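The following report describes selected features of a predicted model. Please read it alongside the sequence and the coordinates.

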Amino acid sequence: MTASEQSTLVDEYPIESILNRISPWFDVQKTKYGGRGCFATGSIPKGSVIHRSSTPVGFTIAKPFKKEVCTTCFEYDYGSTMKSKISKKSGKNTCSIFFCSDECAEKFTQDDVNEVLLNNLIAVEKNYLQGLTKPEVELKEPKDLEKEYLEEWDKVSTWESKLDAMKPTKRQNMIPRIDDSEYLEIKYVIGVLFNMYKCHGARISNYDFPELKPDETNQVEMVLFDLLYSSEYEKVKKYPYLLYSYINIYKFIRLSCTPELQPFINLSTVRAIIGKNLSNAFGIWSEVSDPSEDKEFLGYAVYPSASYFNHSCAPNIIKSRKGHSLEFTTLRDIESGEELCINYGNYTNEPVEIRRAQLSEWFFDCGCSKCVQELNSIKQ
């Protein structure tokens, strides 16, 4: 779905109408502290499931768990290799995608229009492996970020304008070496680009989110994704070396992706996809039977319809993963008009200074009631 087609769909359904059809349990409204949040439309009993995000618009599995996590349902069996896989030979390499069952492999195949997602994931894997033969390049730090930020992206535009005139062999040699963190980011971006391709030109007959058909749910998630804020520049300001990492990612994607995805690949789109991940991604964690057990970080996924829940160190709703879906349940009785908040990490019992420092990775200073109360106690 191109940006112009998304905006047409948004014009047909005003933004407020789109956001307020996510769930019958809450509306998305502007908060008193900035941005938007979810507010109960009425009293909600404890234990109520107020929202389900059935599928992410993009996700990525961390490289160490590539063979141990199901690509379809995110099943993880304590490090065991998944039972099923789809393999494809690409040059000298045979690349595979892993699944917990033949049923999950079949579902992936059914959802993968024209094998576009498979072919692009295989291309990423192939070019990543081939790049390991190249010498490592140490990412430099900008000396004047505000100036270099614009100049370096302008250089990428100039570089890109010359690509069409290059021979395929020369283009192949230009694919940069990527590290594991860039590999992680690239696979997520590929997933979003695939959904743009898949939803291209789609129209939704019924915009009542809980009642959508499965294929329409994905289309609505993509519209909601278009509305999310990108934190790309804020992240680069905090970690300036990322400027060159993001450029590396863009060049790798531009040179690796198949023709089907190329119409959706441009600087503004890819940078926005990266930036929207930074403040909206949900971690994919292993399940544990005992809360004291350590969880494995398996990867992350972006669910736009779930991105409007703000954080609280004393949350009143909790998220749980059901396969590749997210489910949000109330932890106590909720009053009408009350904001619905989740916990963005595992930061509930640490001292307030530690919680706020950790939560600054999401580009905000936590001002929840628990933090305010503890800060006031410190001042007194």
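## Helix 11

The buried positions of helix 11 include the charged residues Arg 271 and Lys 276. Among the others that are buried in this helix are Leu 267, Val 270, Ile 273, Ile 274 and Leu 278, together with Thr 269, Gly 275 and Asn 277.

## Helix 10

Helix 10 comprises the 15 residues 242-256, which should span 21 Å at 1.5 Å a residue, and this agrees with its end C-alpha atoms, which are 21 Å apart. Helix 10 is mostly covered, as 14 of its 15 residues are buried.

## The second largest pocket

The second largest pocket has a volume of about 1100 Å³, and 50 residues line it, with Thr 55, Pro 56, Phe 59, Asp 111 and His 324 lying nearest its centre. The elements that give two or more residues to this lining are strand 3 (49-53), strand 4 (58-61), strand 6 (93-99), helix 3 (102-111), helix 4 (116-131), helix 7 (180-198) and helix 8 (214-227). Helix 7 gives the most, with six residues.

Sorted by class, the lining of the second largest pocket has 25 nonpolar residues, 15 polar residues and ten charged residues. At least three lining residues are drawn from each of domain 1 (15-54 + 309-379) and domain 2 (58-281).

## His 51 in strand 3

Strand 3, which gives two or more residues to the lining of the second largest pocket, is also the place of His 51. At 4% relative accessibility, His 51 counts as buried. His 51 and Pro 24 are 27 residues apart in sequence, while in space the separation from C-alpha to C-alpha is 8.8 Å.

How values were computed
Residues are numbered from 1 along each chain as its sequence is written. This is a predicted model: local features need pLDDT of at least 70, side-chain atom pairs count only at pLDDT 80 or more; totals for chains, interfaces and linings use all residues. Side-chain values use heavy atoms; hydrogens and water are left out. Buried means under 20% relative accessible area, exposed over 50%, partly exposed in between (1.4 Å probe, protein chains only). Helices (H or I, at least four residues) and strands (E, at least two) are DSSP runs, numbered from the N terminus. On a 1 Å grid over the protein atoms alone, a cavity is a set of points where a 1.4 Å probe fits but cannot get out, and a pocket is an open set with protein on both sides within 12 Å along at least five of seven lines; lining residues have an atom within 4 Å of a point. Grid points are joined across faces, edges and corners, and a volume is the space filled by probe spheres set on the points. Domain bounds come from an automatic or database domain assignment. The expected span of a helix is 1.5 Å times one less than its number of residues.
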